Amino acid sequence: MDTIYFLIADTVQERMIEQTLWSYQESFNTHHVAIRIEIIDFPRLLYQARAMIRKGARVIITNSGSYQILSNAIDDIPILCLYSSTNDVLYTLRDIHCQKIHLFLNKHFIFNISACPPDVRQRLIVHPPYGIEPTYHKLLKMVQKLPVTPDTAIVGCTLLPQIARNSPMPIYPIRPSESTILSVYQYALELIAFNKKDRRQLSLLASILSHVTDGIILYSTGGVISHINRQARAFLSLPPNTRNIRDIFPDWQEGSQPSFKEKIIQRPPYTLVANSDVFLMDKEKQYILTLRDVTELQRMEKNIRYKLSRTGLTASHHFSDIKTTDPALQTLIRRAATMASYNAPILIQGKSGTGKELFAQSIHNASPRRNGPFVAINCAALPPDILESELFGYVGGTFTGARKEGKAGLFEIAHNGTIFLDEINSMPQDIQSKLLRVLETKQVMRLGSDYVIPLDIRIISASNADIIQSVRKGTFRRDLFFRINTLRLTLPPLNDRPSDIPYLFSYFLNTISGTSVPVPQTLKKILTHHHWWGNIRELYSVALRYHIYGDTGDSSYQYLFDTTEEEQTPQLLDTGSLSLNMKNLETTIEQILIQELSDKGYTQTDIARLLNVSRQTVFNKMKK
């Protein structure tokens with residue numbers, strides 16, 4: 001079986017390559033190709049590579065430093081390079097907070113220092129480019145000559161930590177991006193499949209396939225175009241007969257240096273970044289122009305950050321976590337599971353503590369978006385201006401205190417996943433208008449920006465009050481209501497699920513205790529009669545109190561419960577005026593009657609029917 005070997009710097013890069021190839025394994029036809037990964041032992045680099053060839057390696061993929069050595073020493077098989085770029089340097093520098101940063105780059109690395117933020121440039125010391133062929137001693141001496149100072153870091157190629165392992169200052173390697181790994185791996189597969197083709201054709205194919213996610217234009221001296229890939233034609237709307245680079249860029253001038261460096265090109269609906277480079281093919285100078293979509297760059301950055309960090313963007317609950325014996329709630333769970341299969345917006349209504357976010361997370365994890373992010377925000381928890389910047393994001397310098405590099409909003413972060421807007425009924429009306437725009441266009445624009453970012457998200461909203469009343473009062477937009485209310489779930493309060501009260505109390509108590517704890521029948525009866533104005537949260541608190549205090553001998557168990565003002569015993573006689581409060585008297589008589597009927601075995605439903613009131617009214621009076 002043909003084998004591709006990755007000869008890379010360390011175990012961190014090894015894990016990154018394994019995760020990347022595993023994530024995209026379905027995109028590649030690799031049934032006939034085996035993958036092997038080895039860590040570089042730098043003094044034995046050539047021996048390692050020749051041993052791989054003896055084991056059947058058809059292609060070796062390695063880092064830029066070792067590539068310079070191996071490509072000059074080995075002609076048996078192709079040696080491919082995991083190149084890094086200016087963006088990779090910026091990604092590494094972003095997390096370094098030292099006052100001084102030494103940057104070492106090899107002579108083949110093209111670095112645009114103007115792309116660095118001003119605060120980073122002030123701390124950056126860029127050393128002269130180096131070469132490590134045929135040995136690495138020059139680089140090692142450069143590092144050893146550095147004065148050892150506090151709060152100083154060194155940044156360089158992935159092999160630098162191994163070459164200068166005895167340096168007392170921390171060393172941060174520049175790692176190639178996920179797209180580079182995939183591009184080079186794709187090219188390696190193509191090399192194996194087409195290894196009988198002419199070397200010139202393979203070199204041309206390498207230049208294209210190593211940049212498959214970008215627009216690519218290859219041209220030679222005089223601007224004569226030899227290849228334009230499909231993505232470049234789409235970006236620039238080029239006709240089939242485009243033959244010269246001047247047909248695309250009339251002001252192009254040929255020179256010894258690349259003609260395009262981080263050049264912004266506006267070709268609606270695309271905003272492109274153009275970069276060019278020079279390479280030799282059969283001793284002839286050739287040029288490669290790459291075109292990258294800014295929006296796609298932001299999407300890739302977000303996805304990479306999400307895959308590497310995965311902090312707070314996951315839904316941990318499933319429908320199996322919703323514990324209930326109530327038939328109505330079980331029906332509601334089945335209905336929610338059906339909704340999960342569709343991308344339509346969902347509105348979840350219910351009082352505080354009824355499990356709205358539990359349902360939202362369960363819907364996400366049962367949906368096709370389960371592998372994407374789950375982003376939750378409480379619309380009532382933040383001031384309007386902060387809520388707006390959190391939802392939509394902003395560009396650098398939009399307002400005082402904003403990050404210089406800007407910030408992605410929660411809508412962007414939720415791309416390909418679900419965003420949960422809790423207490424949406426508390427959202428200010430000006431933000432409601434912008435939310436409606438996002439729902440209608442499936443695009444978002446950061447605060448202070450002049451371009452839109454396409455989105456693929458599902459919105460689940462929640463309200464702890466009757467949102468229709470808010471619509472009638474004019475505090476919630478009618479058109480937005482119909483947008484978010486495509487599918488609706490109304491969660492019942494705990495009082496409407498009497499069978500769940502002792503069941504969930506026992507479940508919480510056993511979970512807290514770590515063992516099975518019997519619950520007295522008297523306590524079960526009191527729990528059932530109690531008015532649970534805090535719903536599940538209150539029930540959990542009562543279970544925790546019972547675990548802490550235990551059975552104190554108080555048969556009323558009043559020490560377990562919170563009593564609201566409206567639950568205080570009504571006064572029948574006003575001692576100031578000596579007048580009888582007939583309303584309180586009537587209420588007290590009803591309570592006595594309800595208690596007597598309950599003691600005689602009547603159910604709450606029977607009592608409600610006899611008194612011609614709702615079962616909720618019976619609950620309210622029994623708890624008093």
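Me: Helices (H or I, at least four residues) and strands (E, at least two) are DSSP runs, numbered from the N terminus. With that settled, which loop holds P269?

Reply: This is a predicted model. P269 takes part in a cis peptide bond with P268, with omega at about 5°. Going by the strand runs, P269 falls in the loop between β11 (263-267) and β12 (270-281).

Me: What about K442, buried or exposed?

Reply: K442 also has a positive phi, about 55°, and isn't a glycine. You'll find K442 in the loop between α17 (429-441) and β19 (443-444). Its relative accessible area is 55%, and since the cut-off is over 50%, K442 is exposed.

Me: How many salt bridges does a search of the whole structure find?

Reply: Side chains of opposite charge can pair when their charged atoms come close. Here the pairs include D2 with R58 and D41 with R44. Over the whole structure, the search turns up twelve.

Me: How many residues apart in sequence are the parts that D2 and R58 tie together?

Reply: The D2 and R58 side chains meet in a salt bridge, 3.1 Å from N to O. D2 sits in strand β1 (residues 2-8) and R58 in strand β3 (residues 57-63), so the pair ties together parts whose sequence separation is 56 residues.

Me: Where do D2 and R58 fall, buried or exposed or in between?

Reply: The in-between class starts where buried (under 20%) stops and ends where exposed (over 50%) begins. D2 has a relative accessible area of 23%.

Me: How far apart are the closest N and O atoms of D41 and R44?

Reply: D41 is partly exposed at 31% relative accessibility, and R44 is partly exposed at 38%. D41 forms a salt bridge with R44, and the closest N and O atoms have a separation of 3.6 Å.

Me: Which helix holds E388, the partner of K434?

Reply: K434 forms a salt bridge with E388, with the closest N and O atoms 2.2 Å apart. The pair links distant parts of the chain, 46 residues apart. K434 is in helix α17, while E388 is in helix α15 (residues 384-392).

Me: How far apart in space are Y394 and R446, C-alpha to C-alpha?

Reply: Y394 is found in strand β16 (residues 393-394) and is buried, with a relative accessible area of 7%. Y394 and R446 are 52 residues apart in sequence, yet their C-alpha separation is 4.5 Å.

Me: How is α1 oriented relative to α8?

Reply: The axes of helix α1 (residues 11-23) and helix α8 (residues 178-193) come within 10 Å and cross at roughly 70°. The range 65 to 115 degrees counts as roughly perpendicular. The crossing is right-handed, and the angle makes the relation of α1 to α8 roughly perpendicular.

Me: And how are α2 and α3 set relative to each other?

Reply: Helix α2 (residues 45-54) and helix α3 (residues 64-73) have axes that come within 10 Å and cross at roughly 60°. This crossing is right-handed too. Roughly perpendicular starts at 65 degrees and roughly parallel is under 35, so α2 and α3 are oblique.

Me: What is the area of the nonpolar surface patch made by Y540, L544, I548 and Y549?

Reply: Y540 lies in helix α22 (residues 535-549). Patch residues need over 30% relative accessible area, and Y540, partly exposed, has 38%. Together with L544, I548 and Y549, Y540 makes a nonpolar patch of about 410 Å².

Methods:
Residues numbered from 1 in each chain as written. Predicted model: local features only at pLDDT ≥ 70, side-chain atom pairs only at ≥ 80, totals over all residues. Heavy atoms only, no water. Patch = residues over 30% accessible without salt bridge, like charges linked within 9 Å, V, L, I, M, F, W, Y side chains within 5 Å. Areas by Shrake-Rupley, 256 points an atom, 1.4 Å probe, with all protein chains shown as cover. Salt bridge = Lys/Arg side-chain N within 4 Å of Asp/Glu carboxyl O. Buried < 20%, exposed > 50% of the residue type's maximum accessible area, 1.4 Å probe, protein only. Axes fitted to C-alpha atoms, helices over the stretch in contact; angles between N-to-C directions. Parallel < 35°, antiparallel > 145°, perpendicular 65-115°, else oblique. Left-handed = near helix turned anticlockwise from the far one by under 90°.
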